[in-house]
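Subject: Structure handover, with notes on helix packing and aromatic pairs

Dear colleague,

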Amino acid sequence: MHHVGLTPLLLASAATMGFLSLTTIALTLLSATHFFAPATAIADGNCTRSVHFDPREATIDDVHRAIELKGVTCREIVQSYIDRIQAYDDQGPALNAVWIVNPYALDYADEMDEAIMQRNGSMLGPLYCVPVLLKDNYDTFDMHTTASSLALRDAQPAEDAPSVARLRAAGAIVLGKTNLQEYAAASGVSNSSLAGQVKNPYDLTRTPGGSSGGTGAAVAASFSVFGTGTDTVNSIRSPASANSLVGYRPSRGLSTRAGIVPVSTTQDAIGPIARTVRDAAIAGAVMNGYDPLDNVTALGYGHFESDYTKYLSQLPALSSLRIGIVDGLLSRATDNETMPVNVIMNATIAQFEAAGAEIVHIQDPVFNITTLASNYDVQIYEYAALMDEYLSRPNYIARYHSFEALYQSGEWDQVVLGSFFGQAATNNMSTPAYVQKLAAIEQLKIKVATYFADQNLDVMIYPQQQRFVVPIANNNGQTGRNGLLAALIGAPVIDIPMGFSNATESAPRGIPVGLEVMGTQFADGKVFGIAGALEGVLRARKAPLSTWEMV
């Protein structure tokens, strides 16, 4: 079941084309009531499912080929994804990945079909008619932005996040919004007070990673072509790893965080989660860009690129690469949840060596996830001030307008978030430990850069998770995730599918395991090229069987 409310039309064209006046939209938002309805509520009674387009594993290029070469309409494409959400998110395996389905998605598709017919040879955006699901901590002017929390269940931003505006301007169809680990904080299992637990489509007894687990499960199940995530420590790459996907966290300064429910100004980033490196490259280039509402993006000036796919047109030969293995981010445990990850990682290294790559082992005690979390992570110091700023914005409609008020409401998962919120309430950016950790982060950046320079490395690699994603019944959160290193130093990093464990009764294809490919700051294009080359060697992506049948 999905919370269905007023959802995206093309704002710019809604007024000019006579669809809805802006006044009507605003009045409807203010008077909207909450109700739950199945995804079928959004289907047009006159629309029949397309027999021309198979959404399973479809890429951006597949969507465009279907329109240009096969005469498939945008409406048919969008309907095909709506049908899958209805069949597999509400019913069957009931993944619970999608929270809000856009009841006007088909109207939006009709507008796109009209634009396609009338373009007279003019170019459409790079994402035209591509259905996209947004993590529900991205602001949208015409949908609630809840962060999957009861406290924000009817929160309404005044406008789109700049990144959402960029996606719409590129022609994307915002199909809806996904469930997440509440506030994208404290745990990586994608459970929340508002929407409940997301299931992993590869093993319905396990979590999908997090915090962007709803997006990860949805993209893996082909509920959209790609989706969006946010990442403070692991949260784009963890669900990418757990769902055999590609997750891109850009260099700090390339992506705006404005209009996103915040966690940490030092560590937050946004990016796409997709099924291929190419789709992540196309989406990432659209999402990146300067934004005066996030002054950190000024650091990206001179480094923004409009097309990362050029790095995929002629992939580097592995024989030309020096690849660093961060040994400290591999677990030496021998339990059944950890050993298979090491087996897959060792086989991956062997494949790269066989293809000619030169492997360099990096051994440094600082590259230990427990050490990094203890000595460098600054989320708890920045959180309260950032939330105060987000909640107190002009024209923002919500029950609570400060972190303290939200905290005292208790309308959030107190078991999972209690410790994190408590620490955030008693620490701030004046705390001496915060200043010390910021200084330590700068030294960590230099240390990593020195390894790249001294060893002449192209990338560093390591498993995203040292162990499998945890079973749903585990209330202790996900341990052994390695994403913090890149998050702290602001380096570009792409998670790609690395392999699967042996199949079991609950995981008929095995449990996915992902590989992080990390480069130096602002070398995002180079990292895309190398990730594409490694993807071609591994060819590890498999679709989940729980949602494979055609709808």
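The notes below cover aromatic pairs and then helix packing.

Please bear in mind that this is a predicted model, in which local features need pLDDT of at least 70 and side-chain atom pairs count only at pLDDT 80 or more, while totals for chains, interfaces and linings use all residues. Residues are numbered from 1 along each chain as its sequence is written, and side-chain values use heavy atoms, with hydrogens and water left out.

Aromatic pairs

The structure holds 18 aromatic pairs, a pair being rings of Phe, Tyr or Trp (its six-membered ring) whose centres lie within 6.5 Å, with planes under 30 degrees apart called stacked, over 60 edge-to-face and the rest tilted. One of them joins Y383 and F420 edge-to-face, at 5.1 Å centre to centre and with 75° between the planes. Because Y383 belongs to helix α12 (residues 379–391) and F420 to helix α14 (residues 414–426), this pair ties together parts that are 37 residues apart in sequence. Helices here are DSSP runs (H or I, at least four residues), numbered from the N terminus. Y383 counts as buried at 0% relative accessibility, and F420 likewise counts as buried at 8%, where buried means under 20% relative accessible area, exposed over 50% and partly exposed in between, with a 1.4 Å probe and protein chains only. Ring pairs also link Y183, Y383, F403, Y407, W412, F420 and F421 into a cluster.

Helix packing

The axes of helix α9 (residues 277–287) and helix α17 (residues 524–538) come within 9 Å and cross at roughly 160°; axes are lines fitted to C-alpha atoms over the stretch in contact, and angles run from 0 to 180 degrees between N-to-C directions. The two helices, α9 and α17, are therefore roughly antiparallel to each other, a term for angles over 145 degrees, as against under 35 for roughly parallel, 65 to 115 for roughly perpendicular and oblique for the rest. In this contact (heavy atoms within 4.5 Å), V277, A280 and A281 of α9 meet F528, A531, G532 and E535 of α17.

Helix α4 (residues 74–90) and helix α5 (residues 105–118) pack at an angle of about 155°, their axes being 8 Å apart, and α4 and α5 are therefore roughly antiparallel to each other. Here C74, R75, V78, Q79 and I82 in α4 meet A105, L106, A109, D110, M112 and D113 in α5.
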